[in-house]
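Have the sequence and the 3D view ready.

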Amino acid sequence: MEELPIELNIITLNCWGLLHLSAHRAERLAAIGRELAAADPPPHIVALQECWTQEDYRSIRRETRFALPFGKFYYGGIFGTGLAILSRWPIEESSMYRYPLNGRPTAFFRGDWFVGKGVACARIRYGTGDRDIVEVFNTHTHAIYEHPPKHDSYEVHRLAQCWEMAKLVRGAAERGHLAVALGDFNDVPGSLSYRMLTAHSPIRDAWRVLSPDSSLGSAAHELERARRRPIPSAEFNIAENGVTSNSAYNTWSWSKSEQRTLRSGKRPMIIPPDTPDPRGKRIDYIFFSPQVSSTPGPAPGPLNEARASRDISQGSRTKGWVVKDVRVGMLARHPELGCSLSDHFSVEATLLLHSSTNTFSPSRPPSSPPSPTSPHKPANLHPDDKQDSDGPEHAASLLALEHGTYLQSPTGSEFRVGSRLDLGASHDAQLRDSALASTARRGDGLDCTTYDEILALIHACGLRELSQRRWRIAHFFAWAVVVVACYVGIWFVGRWPGVGFAFLVLSSLGFLAGVLDGLVGLLFFGSEVRALAEFEWEIMNAKATASGAHGLLAQQHHQRGEDDGAVGGGSAGGGGGVEEKAW
């Protein structure tokens, strides 16, 4: 095997390869393969989503057979998972982990349940050592179909999916392997599912490592509005906010009239860099586990014993993975069609295995990025707006946002350029922050209030599913009664054969619909309610671990379930009368 790499180039892209639904699918995916083969720097690992057909996968493999000679197309669900992983090095093992909560079969027009969404896992060996392994976790979580003020009925599904992903990533990191979780997570930074994943696994968001003040969503998103940032330009969104979806640069986010003009070829469709981009958002990510380790140095002399007692890293050598660069890619359009290669742009990151001999004290506060959940006032706001957050300027900015008056985008110099002036110091700071944040373990990443919020969502979802289950089973029995009544009625309408035939046809069709509803109620909703009960128990156990109240919360939950028939008790959880302990 070739010399061990110290840099790792990773790409993730949602290809938008829906069979019969995505325009110019074959031509675009072939062009995506050519772009991957010609990428600079050459990629080592590529994760693809929405690559649904074997034909498209083979088309990409033909283009990348020299740059990425190894690959895996993942099977699952009724129509396939749409997930694929390409690699420069051999894939030792692979598996497809299907999410327990994965949409509903009754929402056939959405398709999430039928494609069997899950995590495509691959163990990729890049060296001969026991830990010279990258464990890749590629996913495409459940889409958002209801936007505020409507209730997002699939939020619990995405939360459960990120919870399962966090467990997989945590296991890989605990084995001492570099864990890379990437894909289309269908949610913005700062969302509950994002916090669930990052709080319960020892990973970092590659983009926020270099751009800690990047956006938390589109300009209209509530988290971003709370920060009172000006509406960004298309160029700023790409360079600093890492926008991959709904970008003003992406032709598939344009209006129908603009797309028709593009197809006609009458005039070139050039987007100026300063075009306002209020809808752009980042929902595609590359997460990685830094895997920071320290090698003890020589024993300190008498003069340094006092200092060594205060600094655990005195004279030690620290090594781990840091972010050398991260960028948005696949911005080029198809050379003949003129359209974007996908409705998403790619995220491309270069990880560096960095070693540092600089010392740091655990008592020194980390220079970690600001919390994505807390509003942050940028340094380039209007000077008169720095102190009074509720002043006339604030009202004017909100009014401008509502009525489409776009403000000037902030500059990016204060976010990323500073980290490139002294790369060594920047990489050392990343190692320091990763080491100080390495205490994130299961149960102590989120506060109890957030766990209560998640439990409330699970409880409401469980009640809704139980209600759906009862109504569907009742629908089956109602049609069974109607069928019997119609068959009896046929005897009394013998003189009117047309009426008897109508009774027979209508009752048969209705009974068929009732049977389908009954099967969905008995099989699917029963399975979903039990998956919700399992998820609820794990969240309660995590809360109990965080609060130190082992067993008490689970016992209260079990008693509540017996009282109201909610998730986790009675028929929902299938727990019977056995008392469970949360340890």
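Below is a short tour, from the whole chain down to single pairs of residues.

## The big picture

First things first: what you see is a predicted model. The protein has 583 residues, and 51% of them are buried. Its chain folds into 16 helices and 13 strands.

Side chains of opposite charge can pair when their charged atoms come close. How many salt bridges does the structure hold? The count is 19.

One of them pairs Lys 324 with Glu 7, with 2.6 Å between the closest N and O atoms. Is Lys 324 buried, exposed or partly exposed? Its relative accessibility is 38%, so it counts as partly exposed. Glu 7 is partly exposed as well, at a relative accessible area of 27%.

## Pairs among the buried residues

Now for a salt bridge between Asp 152 and Arg 158, where the closest N and O atoms are 2.2 Å apart. Buried means under 20% relative accessible area. Asp 152 has 12% relative accessibility, so it counts as buried. Arg 158 is buried too, with a relative accessible area of 2%.

Arg 227 and Asp 213 also meet through their side chains, in a salt bridge of 3.4 Å from N to O. Where do these two sit? Arg 227 is in the loop between α6 (222–226) and α7 (234–241), while Asp 213 is in the loop between α5 (206–210) and α6. The two residues are 14 residues apart, and their pair links distant parts of the chain. Both Arg 227 and Asp 213 are buried.

## A network of four

Salt bridges can also share partners, and here is a case to find in your 3D view. Which residues are joined into one network this way? They are Glu 93, Arg 123, Glu 135 and Arg 175, joined by salt bridges that share partners.

Conventions:
Residues numbered from 1 in each chain as written. Predicted model: local features only at pLDDT ≥ 70, side-chain atom pairs only at ≥ 80, totals over all residues. Heavy atoms only, no water. Buried < 20%, exposed > 50% of the residue type's maximum accessible area, 1.4 Å probe, protein only. Helix = DSSP H or I, 4+ residues; strand = E, 2+ residues; numbered from the N terminus.
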